[in-house]
Amino acid sequence: MPTGGGKTICYAVPALIKPKVTVVIFPLLALLLDQVERMRSQGLNVCFFMSDMDEAERENAMQKLLATPPEYNFLFATPETVLTPALFELLQKLSSESLINFFVIDEAHCIDTWDSHFRPSYSELSKLQTFGCPILAMTGTATRQTEQVILNSLRLSLEETKVIRKPSNRPNLLFHVVAKKADGKEAIVMPKDLESYVQESCRAGRDGNDAHCYIFFRFEDKTKHLSNISSLPDGDRKLVYLNGLNDMVKYCIIPVYRRQHIASYFGDGGAGINCAKSCDICSSGNLEHSIDFSDDAIQILNCLDSMQQLQPQVTTKLLVLTFSGSKSNAVISKGLENVNEYGKGKNKFSEKGLLKFIQCLIIENIVHEQLPSANENSTTPYLVRGINASRLTNSELTFLYYAK
Ligand SMILES: [Zn+2]
């Protein structure tokens, strides 16, 4: 359910039906305190627990929770706090008196996005199953894959779990992507993935009025995110972040109706969504059409292969310079002007156009950005053949690219 779609009311109303305690788990203390404040201002009876809490205050809250009937309807805590022995014991006492209503895990996508090494408590929330109460996991941004991770991690069986999705499409949000000029100044940086972007954009237009959501995009922002990812320990998580980043770049550079793009990313159907001139692509009126660019893609792959004979670590920038026939020192000093494909893209692409083209090859897994290991000095990725490279060269795959 998108942010602003009414998640709070979904648990606050049923929580008030019985004189029991509803336990709400929030990922971040700041968000938790905001929510507690909001609910208290609505006259709701809320208490919360946090790690650095005054002992007397904690004791007082516990006593009130154990009163019959409990003096609080809601108990808020972070995953870490809820699993501490003291609070877990309190929940056991409440449970033995049948005084727990149900559990709510808000921002449940965090189960997927936080590394289990970094916040192991998220992967341990399935311990709440021991109380035999309903568990409601809610989020504003979950792909089908994230949905599966949440179900598995909380050990929610498919037979007993109802999955409800409210489409992410908010008609009053208007989407734009604007090329940002590299002026050396720090400005708004492209979000690291589409989940983050949708979370950010859904904060707009909550009053129902039209709201314009802009991304100022430049490739340097991708590089910035890539170097952050490179510094992470090696593992599956690194690849998840890399794929998330590539999907974000895809959203920025592929001329597909933005609203359809977001809907299909979250598994809410794509082509069926009417964009109705609500993004920069369809309102500009000059749509680009995709055509077969496989031959150019193969030439670039060959160029990469030839370059690697002379220089094993080829960066995107070096590939752009070589394929466009640059006489820069970076090319000449390594003898790359001697490869067969040197300058083959000169008359077809500008350097910028070539950079965009290679980014699309990366997105389609024809070229893969190999991130340096966390223990290497460099954070600049270098290029290798992607998993779809041989399918392209064997004509099993067509590479479509957009041209006006
Ligand atoms: Zn549109």
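Where is the place of Glu288 in relation to helix H13 and strand S8? In this predicted model, Glu288 sits in the loop that runs between helix H13 (280-284) and strand S8 (289-292). Because Glu288 has 14 C-beta neighbours inside 10 Å, it counts as partly exposed. Although Glu288 and Tyr401 are 113 residues apart along the chain, their C-alpha atoms are separated by 9.4 Å.

## Overall architecture

The secondary structure of the protein comes to 18 helices and 11 strands, and its C-alpha atoms fill a box of roughly 85 × 50 × 45 Å when taken along the principal axes. Of the 404 residues in the protein, 35% are buried. Among the contacts between residues at least 6 apart in sequence, 72% join residues that are at least 24 apart.

In soluble globular proteins, nonpolar side chains tend to be buried together. Here the largest nonpolar core has 34 residues, and those with the most contacts inside it are Val23, Ile25, Phe76, Phe103, Ile105 and Ala137. At least two residues of this core are supplied by each of strand S1 (21-25), strand S2 (46-48), strand S3 (74-77), helix H5 (85-96), strand S4 (100-105) and strand S5 (135-137).

Val23 is in contact with Leu75, Val82, Leu91, Ile100 and Phe103, once its neighbours within four places in sequence are left aside. A second, separate core consists of 31 residues, and Phe175, Tyr241, Cys275 and Ile281 are included in it.

## Helix H9 and what covers it

Helix H9 (residues 194-201) has Leu194, Glu195, Tyr197, Val198 and Ser201 as buried residues. These residues cover an arc of only 165° around the axis, and they therefore lie on the same side of H9.

## Two helix pairs

Helix H10 (residues 219-230) packs with H11 at an angle of about 175°, the axes being 10 Å apart, so H10 is roughly antiparallel to H11. On the H10 side the contact is made by Lys222, His225, Leu226 and Ile229, and on the H11 side by Lys238, Tyr241, Leu242, Leu245 and Val249. The residues of this contact divide into six nonpolar, one polar and two charged. Tyr241 of H11, which takes part in the contact with H10, is also one of the residues of the second core.

Helix H14 (residues 294-310) and helix H15 (residues 316-323) pack at an angle of about 105°, with their axes 10 Å apart, and the two are therefore roughly perpendicular to each other. Ile300, Cys303, Leu304 and Met307 of H14 make this contact with Leu319, Thr322 and Phe323 of H15. Here the residues divide into six nonpolar, one polar and no charged.

## Ala330 in helix H16

Ala330 lies in helix H16 (residues 329-332), and it is partly exposed because 14 other C-beta atoms lie within 10 Å. Not counting residues up to four places away in sequence, Ala330 touches Leu318 and Leu321. Ala330 and Gln92 are 238 residues apart in sequence, and their C-alpha atoms are 66 Å apart in space.

Notes. Residues numbered from 1 in each chain as written. Predicted model: local features only at pLDDT ≥ 70, side-chain atom pairs only at ≥ 80, totals over all residues. Axes fitted to C-alpha atoms, helices over the stretch in contact; angles between N-to-C directions. Helix = DSSP H or I, 4+ residues; strand = E, 2+ residues; numbered from the N terminus. Parallel < 35°, antiparallel > 145°, perpendicular 65-115°, else oblique. Contact = placed C-beta atoms within 7 Å. Nonpolar A, V, L, I, M, F, W, Y, C, P; charged D, E, K, R; others polar. Buried ≥ 20, exposed ≤ 12 C-beta atoms within 10 Å, placed from the backbone. Arc of directions from axis to C-beta. Core = buried A, V, L, I, M, F, W, Y, C linked by C-beta atoms within 7 Å.
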